[in-house]
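Open the model in your viewer and keep the selection panel at hand. The stops below say what to select and what is there.

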Amino acid sequence: MIEGCTFFYSFFPIAILRKNIINRDRPFYEFSHLYKTEMKKILLTGVAGFIGYHLFQRLRNENFEIVSLDNLNNYYDINLKLSRLAKAGFNVKKIACGRMIEANGGGRFIQLDLDDSAAISDLFHNEKFDAVCHLAAQAGVRFSIENPALYVKSNINGFINILEECRKNHIKNLLFASSSSVYGNTQHLPFSENDPLCSPASIYAATKLNNEIMAACYREFYGLRPIGLRFFTVYGPWGRPDMAIFKFTDAILNGHPIDVYNFGNMQRDFTYIDDIVEGITRIIKKVLTDNRFCARNIYNIGNGQPVGLMDFIRIIEKTTGKKAILNLLPLQPGDVYQTWADTENLQNDFGFKPETSLKKGVENFVSWYMQFYNKNQVF
């Protein structure tokens, strides 16, 4: 099961991997005596990002005390990130590195880089968090192949700093963003949390798999209770410009060709942002309030219904009222043929299954795009 994976696994105890990542028959923690019931303070990283922005507003509405951070890098349009923060109630003119500001409606934000271990340590020491929801990461599969060192710095070093501060400050509850990309080009369908993993198809995927392995070590050695969340092709309003729905919608509306890889012969388990946020929120609330509940190490959060890439494009065409100009290309390095989430564990443990239809989700995204970029409504 581990053969052929020496590059990635050689410096991690195999017993820990089998016990904490692959074998989920045994609950990974017993913690009924550790939970308190008062309002919880949560650190949310990556708040200016797509998922982080939506989750911030949901957790605030659920009456959590939220302290959030983001480094506001320029991987994509910084104005989109600042617009998310402004929409969440922050005065973006007051943002400065290391300065804590408060949003109208509640919640705080500080611009910090996760690689700045001293600043992160001070934040943990001063705030006394009850839990951490770690979404910050350098995103992008293809970009990771061109810039591997950047992904190590952000996704691995940054995550280690989060783990270390949780350990030093006795914060047991940590949720962190993993990715469906850790499954690589596995032929086992649908993708199950029980599947053995040793063939990440990109640097980005390798860093996310590394996060899961390091979380397993901190669980074994230090008693943390990290939960990894494998997201499947998240889309929706306020999404990233490098995501397929954004690129396709923008190109179709502007009469530009769209690059369609593997000649359109691909499938993705598209998952609407509200379903992702609902899943994360249910997990956070249950692990913080139900002292009898023993969570699993990893959860898939996906729609569980893969859709062909060409069908996806047709839905965008119908929604925008315009025909796509297709530039058919071979499969790119780092891409996988298909993704498909097995969400049985999510359903069994939290009573939730993502169900937003792709048609509705695309309509919501296009509507947001038209408003945000001041284009005429077409439906």
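Buried means under 20% relative accessible area, exposed over 50%, and partly exposed in between, with a 1.4 Å probe and protein chains only. The model is predicted, so local features need pLDDT of at least 70 and side-chain atom pairs count only at pLDDT 80 or more, while totals for chains, interfaces and linings use all residues. Residues are numbered from 1 along each chain as its sequence is written, and side-chain values use heavy atoms, with hydrogens and water left out.

**Whole chain**

Start with everything selected. The protein has 379 residues, of which 55% count as buried. Colour by secondary structure to see 13 helices and 14 strands; these are DSSP runs numbered from the N terminus, helices being H or I of at least four residues and strands E of at least two. Of the contacts (heavy atoms within 4.5 Å) with a separation of 6 or more, 79% are between residues 24 or more positions apart. The accessible surface, by the Shrake-Rupley method with a 1.4 Å probe and, for residues, only the protein chains shown as cover, comes to about 16,200 Å². Carbon and sulfur atoms hold 49% of that surface.

**Aromatic pairs**

Next, show the rings of Phe, Tyr and Trp (its six-membered ring): two of them pair if their centres lie within 6.5 Å, and planes under 30 degrees apart count as stacked, over 60 as edge-to-face and the rest as tilted. A search of the whole structure finds 32 aromatic pairs. Select F56 and F90, a tilted pair with 5.5 Å between centres and 45° between planes. F56 is in helix α3 (residues 50-61), whereas F90 lies 34 residues away in the loop between α4 (78-87) and β3 (100-102). Both F56 and F90 are buried.

Move to Y75 and F143. Their ring centres are 5.1 Å apart and the planes stand at 50°, so this pair is tilted. Here too distant parts of the chain are linked: Y75 is in the loop between β2 (65-70) and α4, and F143, 68 residues apart from it, is in helix α6 (residues 141-146). How accessible is F143? F143 has 29% relative accessibility and therefore counts as partly exposed. Y75, at 23%, is also partly exposed.

For a cluster linked by ring pairs, select Y53, W238, F246, F365, W368, Y369, F372 and Y373.

**Charges over rings**

A charge sits over a ring if NZ of Lys or CZ of Arg is within 6 Å of the ring centre and within 35 degrees of the ring normal. Select R167 with Y222: the charged end of R167 is over the ring, 5.2 Å from its centre. Then take K286 and F293, where the corresponding distance is 4.6 Å.

**Two loop residues**

Select G106, in the loop between β3 and β4 (108-111). G106 is partly exposed, with a relative accessible area of 21%. G89 is 17 residues from G106 in sequence and 8.2 Å away in space, C-alpha to C-alpha.

Finish at N303, in the loop between β12 (298-301) and β13 (307-308). Is N303 buried or exposed? At 7% relative accessibility, N303 counts as buried. Leaving aside neighbours within four places in sequence, the contacts of N303 include D269, F270, K353 and P354.
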